[in-house]
Amino acid sequence: MKKRRVAIHPFVAAFSGIARAVRTEPHMPIHLMASLLVTAAGFFFSISKMEWLVLLITMALVIGAELMNTAIEYAVDLATEEIHPLAKAAKDIAAGAVLVTAVFAVIIGVIIFYSPVLKWMETLF
């Protein structure tokens, strides 16, 4: 019984961390909602397998970057309560990583969905 608990514990801890980020970070629900919308659009427009792979990797990168940003913010807050230039730099750089992944995710989304959306709009009008 003890081995099972040891094997399951890292997953419980990981899901607990994800749940905390969703509850406490204002941008995490936005990333998750965007992922759900993109997934729905992928099904609606019947995108290719390769496009699915690119979208899934992109969504994972954005959500992963947000989780890492959250972890860095907590670690910095734990290390110091004062406003220190290095603490600010660490938080700003981590936030920048999220911004970079999110901007490229939007670019990738436009590349993948541009033609299908145009064709769909032509059928409406």
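This is a predicted model: local features need pLDDT of at least 70, side-chain atom pairs count only at pLDDT 80 or more; totals for chains, interfaces and linings use all residues.
Biologist: Which residues make up the largest nonpolar core?

Modeller: Leu 55 is one of its eight residues, and the others are Ala 41, Phe 45, Ile 47, Trp 52, Met 59, Ile 112 and Phe 113. Helices H3 and H4 each supply at least two residues of this core.

Biologist: And which helix gives the most to it?

Modeller: That would be H3, with three residues.

Biologist: Switching topic: how many salt bridges are there?

Modeller: The count comes to two. In one, the side chains of Asp 77 and Lys 91 meet at 2.5 Å, N to O. Asp 77 lies in helix H3 and Lys 91 in helix H4, so this pair ties together parts 14 residues apart in sequence.

Biologist: What about the pair Asp 92 and Lys 88, where do they lie?

Modeller: Both are in helix H4, four residues apart, which is about one turn of the helix.

Biologist: Last one: is Ile 111 buried or exposed?

Modeller: Ile 111 counts as exposed because its relative accessibility is 63%, and the cut-off for exposed is over 50%. Ile 111 sits in helix H4. Together with Leu 99, Val 100, Val 103, Phe 104 and Ile 107, Ile 111 forms a nonpolar surface patch with about 590 Å² of accessible area.

Note on methods:
Residues are numbered from 1 along each chain as its sequence is written. Side-chain values use heavy atoms; hydrogens and water are left out. Patches are made of residues with over 30% relative accessible area and no salt bridge: like charges are joined within 9 Å, nonpolar side chains (Val, Leu, Ile, Met, Phe, Trp, Tyr) within 5 Å. Accessible areas come from the Shrake-Rupley method with a 1.4 Å probe; for residues, only the protein chains shown count as cover. A salt bridge is a side-chain nitrogen of Lys or Arg within 4 Å of a carboxyl oxygen of Asp or Glu. Buried means under 20% relative accessible area, exposed over 50%, partly exposed in between (1.4 Å probe, protein chains only). A nonpolar core is a set of buried Ala, Val, Leu, Ile, Met, Phe, Trp, Tyr and Cys residues joined through side-chain atoms within 4.5 Å.
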